[in-house]
Amino acid sequence: MFRNVTDLEPDVLPDILDLEVGNVANGGFCVARHEGRVIFVRHALPGERVRARVTERAKTFLRADAVEIIEASPDRVAPPCPFAGPGRCGGCDWQHASLPAQRALKAAVVEEQLKRLAGIDRTVTVEEVPYPVDSEVAPPPGLGWRTRVQFTVSGGAVGLRRHRSHDIEPIDECLIAHPGVELMGIERKRWPGASGVEGIVSATAGDRLVVLRGRDRRKIKVPRLDVPVRLVRGKPEPGASLPYVREEVSGRLYQVSGSGFWQVHPGAAQLLADAVVDALEPKPGDIALDLYCGVGLFAGVLADRVGQDGLVVGVESDGQAVRDARFNLRELPNVSIERGPVEEVVADLEFGRASAGSRAQNKRGGGHHRGERVRRADLVVLDPPRTGAGRDVVEHITRLAGRKIAYVSCDPATLARDLAYFAERGWTLETLRAFDAFPMTHHVECLATLVHG
Ligand SMILES: C[S@@+](CC[C@H](N)C(=O)[O-])C[C@H]1O[C@@H](n2cnc3c(N)ncnc32)[C@H](O)[C@@H]1O
């Protein structure tokens with residue numbers, strides 16, 4: 001039953017609404033209005049008329065799923081995945097949009113966030129991330145890219161979470177999972193005792209890991225998988241090391257232990273590493289900072305460019321990632337990896353240019369130092385988690401940075417917020433690139449380059 005509901009409380013709005021769908025917003029939905037109320041609609045596209053089912057009621061807005069398309073957008077396609085759609089798997093937001101349309105939606109979101117949160121007017125193009133040419137089996141465009149998939153397990157059966165829910169969509173195949181993950185057959189086995197199973201494959205070296213999650217991981221009954229894998233049950237015994245996968249970028253192998261961070265799209269790490277080098281234009285002798293360095297991806301490619309007279313300092317808080325980064329870059333005397341939260345480490349970081357190679361120094365921790373002390377890094381790359389860097393870290397970076405800053409971000413909202421903080425300190429956006437590193441989802445990776453003045 002439909003009623004005019006202008007004066008009613010949100011909880012008495014009808015469950016089914018006919019809506020004209022407006023612009024896309026950050027988060028994988030489009031905005032519609034009904035009787036003066038804002039409604040965030042999933043499974044719709046801008047310009048469509050849809051019948052939508054309300055899924056959530058908040059005081060100032062509603063959430064809804066388009067369950068019937070009354071007038072379809074020309075960008076609409078049949079979702080390739082049988083588990084995508086209203087109330088189903090929450091992993092992919094835009095299976096119903098063509099790939100060019102998905103990129104246009106992401107570009108619109110980045111443009112809108114830059115404008116609204118940083119006052120920056122910029123036309124954004126979202127670039128395709130090429131699938132590596134030497135991949136054994138190149139899946140259809142937009143599919144088969146996820147080299148790390150976290151499955152949820154309930155009662156031994158594998159699935160993926162429904163959108164904003166603890167409910168699980170049982171699946172027997174994930175179309176965005178890399179073929180190497182699918183080869184393991186995780187979804188088609190039972191995992192009694194587990195609450196989750198992560199399948200990880202190296203796109204470049206072919207290594208495979210399965211990471212188990214559960215209250216007592218020793219009691220999980222692990223099924224026989226379709227291909228050999230290395231198993232991670234939890235923290236290693238003292239003295240033992242975690243199983244890892246290896247990934248190759250610019251001719252260097254990076255070991256990533258357990259569930260440690262690595263770009264999930266098989267083409268993303270190389271593309272971003274090249275893009276960061278292009279953006280920063282490192283020169284021999286430069287001092288560069290790699291903040292939130294993970295296992296050392298950007299530190300590695302920058303170290304090759306700054307040479308023996310230069311220095312690269314990586315900062316990372318996760319102990320296992322620090323161990324991996326130090327191992328991965330062990331042959332580079334011009335790299336030092338500092339362990340700790342960026343917000344603490346950058347507060348009192350100094351760099352020593354010494355005759356026998358340069359060294360990072362932390363005033364708190366001390367360290368070897370001979371020669372001139374420098375408070376500035378010529379170049380800074382930061383690649384924070386989704387929450388962004390925040391005002392304090394931005395302030396520290398602007399005190400340390402000399403020539404250029406490259407900001408790699410997987411969230412356009414926190415990126416735009418932080419760009420506004422940088423602007424307050426005189427650092428302006430020079431270039432912005434955006435990459436479709438997560439096809440079929442609303443997620444987008446950005447690289448902003450900042451210069452002073
Ligand atoms: C998006 S990843 C980037 C990793 C690396 N740049 C790469 O591309 O592989 C973010 C990294 O920041 C680390 N991290 C998160 N919060 C941190 C903090 N407050 N201080 C230092 N590192 C942090 C995480 O452990 C993770 O390795």
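Student: Which residues point one way from strand 15, and which the other way?
Tutor: This is a predicted model, so read every position as computed. Ile287, Leu289 and Leu291 point one way from strand 15. Ala288 and Asp290 point the other way. All of them are buried.

Student: How many residues of strand 15 are buried, then?
Tutor: Five of the five, across residues 287-291. Strand 15 is therefore largely enclosed by the rest of the structure.

Student: Which way does strand 15 pair with strand 16, parallel or antiparallel?
Tutor: Parallel, over five bridges. Strand 16 covers residues 311-316. One of the pairings puts Leu289 with its bridge partner Val313 in strand 16.

Student: Where does the chain go between strand 15 and strand 16?
Tutor: The chain passes through helix 4, residues 297-306. This β-α-β crossover is right-handed.

Student: Helix 4: mostly covered or mostly open?
Tutor: Mostly covered, with eight of its ten residues buried.

Student: Which ones are buried in helix 4?
Tutor: Leu297, Phe298, Ala299, Gly300, Val301, Leu302, Ala303 and Val306.

Student: What happens just after helix 4?
Tutor: Gly307 takes a positive phi there, of about 70°.

Student: Back to strand 15. How many bridges join it to strand 21?
Tutor: Four, and strands 15 and 21 run parallel. Strand 21 is residues 377-382. Leu291 stands opposite Leu382 in strand 21.

Student: Is strand 21 enclosed or open, and what is the reason?
Tutor: Strand 21 is largely enclosed by the rest of the structure, because six of its six residues are buried.

Student: What joins strand 21 to strand 22?
Tutor: Five bridges, with the two strands parallel. Strand 22 runs over residues 401-409. Within that pairing, Ala377 has Ala401 of strand 22 as its bridge partner.

Student: Let's zoom in on Leu291. Buried or exposed?
Tutor: Leu291 is buried, with 29 other C-beta atoms within 10 Å. The cut-off for buried is 20 or more. Leu291 lies in strand 15.

Student: What does Leu291 touch?
Tutor: Leaving out residues up to four places away in sequence, Leu291 touches Val315, Val342, Val346, Val380, Val381 and Leu382.

Student: How far is Leu291 from Arg49?
Tutor: They are 45 Å apart in space, C-alpha to C-alpha, and 242 residues apart in sequence.

Student: New topic, the nonpolar core. Which residues of the largest one touch the most other members?
Tutor: Val41, Val276, Leu291 and Val380 do, out of 134 residues in that core. The largest share comes from helix 3, residues 268-280, which gives eight residues.

Student: Why does this core lie between domain 1 and domain 2?
Tutor: Because domain 1 (148-245) and domain 2 (267-452) both give residues to the core.

Student: How far apart are the C-alpha centres of the two domains?
Tutor: Domain 1 and domain 2 have C-alpha centres 32 Å apart.

Student: And Val41, what is it in contact with?
Tutor: Leu19, Val21, Phe29, Cys30, Ala32, Val50, Ala52, Ala64 and Ala66. That list leaves aside neighbours within four places in sequence.

Student: Let's switch to Ile200. Which strand is Ile200 in?
Tutor: Strand 10, residues 196-201. Ile200 is buried, with 29 other C-beta atoms within 10 Å.

Student: What are the contacts of Ile200?
Tutor: Ile200 touches Thr147, Arg148, Leu209, Val211 and Val245, not counting residues up to four places away in sequence. Ile200 and Val181 are 19 residues apart in sequence, and their C-alpha atoms are 6.4 Å apart.

Student: Now the whole protein. How many helices and strands?
Tutor: Eight helices and 24 strands. The radius of gyration is 24 Å, close to the 22 Å that the globule rule gives for 453 residues, so the protein is as compact as a globular protein of that length.

Student: What box do the C-alpha atoms fill?
Tutor: Roughly 80 × 55 × 40 Å, taken along the principal axes.

Student: What share of the residues is buried?
Tutor: Buried residues make up 46% of the 453. As for contacts with a separation of 6 or more, 58% are between residues 24 or more positions apart.

Methods
Residues are numbered from 1 along each chain as its sequence is written. This is a predicted model: local features need pLDDT of at least 70, side-chain atom pairs count only at pLDDT 80 or more; totals for chains, interfaces and linings use all residues. A nonpolar core is a set of buried Ala, Val, Leu, Ile, Met, Phe, Trp, Tyr and Cys residues joined through C-beta atoms within 7 Å. A residue is buried if 20 or more other C-beta atoms lie within 10 Å of its own, exposed if 12 or fewer, and partly exposed in between; C-beta atoms are placed from the backbone. Domain bounds come from an automatic or database domain assignment. Two residues are in contact if their C-beta atoms, placed from the backbone, lie within 7 Å. The radius of gyration is taken over C-alpha atoms; the globule rule is 2.2 Å times the number of residues to the power 0.38. Two strands pair if DSSP finds at least two bridges between them. A crossover is right-handed if, with the strands pointing away from the viewer, the path from the first strand over the helix to the second runs clockwise.
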